[in-house]
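Subject: Handing over a structure

Hello,

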Amino acid sequence: MTLSDAVRVARGNLAANIRHHRLRLGLTRGEFAQRMRVHIRNLEEAEDPHGANLSLVSLIKFSHALAVDPAELFMPRELPELKRGLAAAQQLKQQRKTT
């Protein structure tokens, strides 16, 4: 595996894990961005497997807000299906009822 491939895989795992753990908490992107006190665009970038590289400080900030070890954010995980608008709101509403 080339260095470029390794970075692509790590970036994909990071994006998938941030999204997975945010959804596990039952939070929209807007809610999570508010909780972290970051602009929603920063969160969108973090959840995009092709987005900008995150700094070490940002990685630790995300792991703290998600209540996971920073290393867990790099574990292999498939990107969950991204729902938008009404479908996303309904999914979160249903998720909140079950927790």
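What follows is a short account of what was found in the structure.

Please keep in mind that this is a predicted model, in which local features need pLDDT of at least 70 and side-chain atom pairs count only at pLDDT 80 or more, while totals for chains, interfaces and linings use all residues. Residues are numbered from 1 along each chain as its sequence is written, and side-chain values use heavy atoms, with hydrogens and water left out.

To begin with the overall picture, the protein has five helices and zero strands, where helices (H or I, at least four residues) and strands (E, at least two) are DSSP runs numbered from the N terminus. Of its 99 residues, 31% count as buried; buried stands for under 20% relative accessible area, exposed for over 50%, and partly exposed for what lies in between, with a 1.4 Å probe and protein chains only.

Helix 1 covers residues 3–24, and its 22 residues reach 31 Å from the first C-alpha to the last, close to the 32 Å expected at 1.5 Å a residue, the expected span being 1.5 Å times one less than the number of residues. Several residues of helix 1 are buried, including Leu14, Ile18 and Arg22. Just after this helix, Gly26 takes a positive phi of about 75 degrees.

Next come the salt bridges, each being a side-chain nitrogen of Lys or Arg within 4 Å of a carboxyl oxygen of Asp or Glu; by this rule, the count comes to six. In one of them, Glu47 meets Arg22, with 2.5 Å from N to O. Because Glu47 lies in the loop between helix 3 (40–46) and helix 4 (56–66), whereas Arg22 belongs to helix 1, this pair ties together parts that are 25 residues apart in sequence. Glu47 is buried, with a relative accessible area of 0%, and Arg22 is buried as well, at 4%.

Glu47 also forms a salt bridge with Arg29, the closest N and O atoms being 2.8 Å apart. Since Arg29 lies in helix 2 (residues 29–36), this second pair ties together parts that are 18 residues apart in sequence. Together with Arg19, the residues Arg22, Arg29 and Glu47 are linked in a network of salt bridges.

Finally, Glu44 and Arg41 form a salt bridge at 3.0 Å between the closest N and O atoms, and both lie in helix 3, three residues apart, about one turn of the helix. Glu44 counts as partly exposed at 25% relative accessibility, and Arg41 is partly exposed at 42%.

Best wishes
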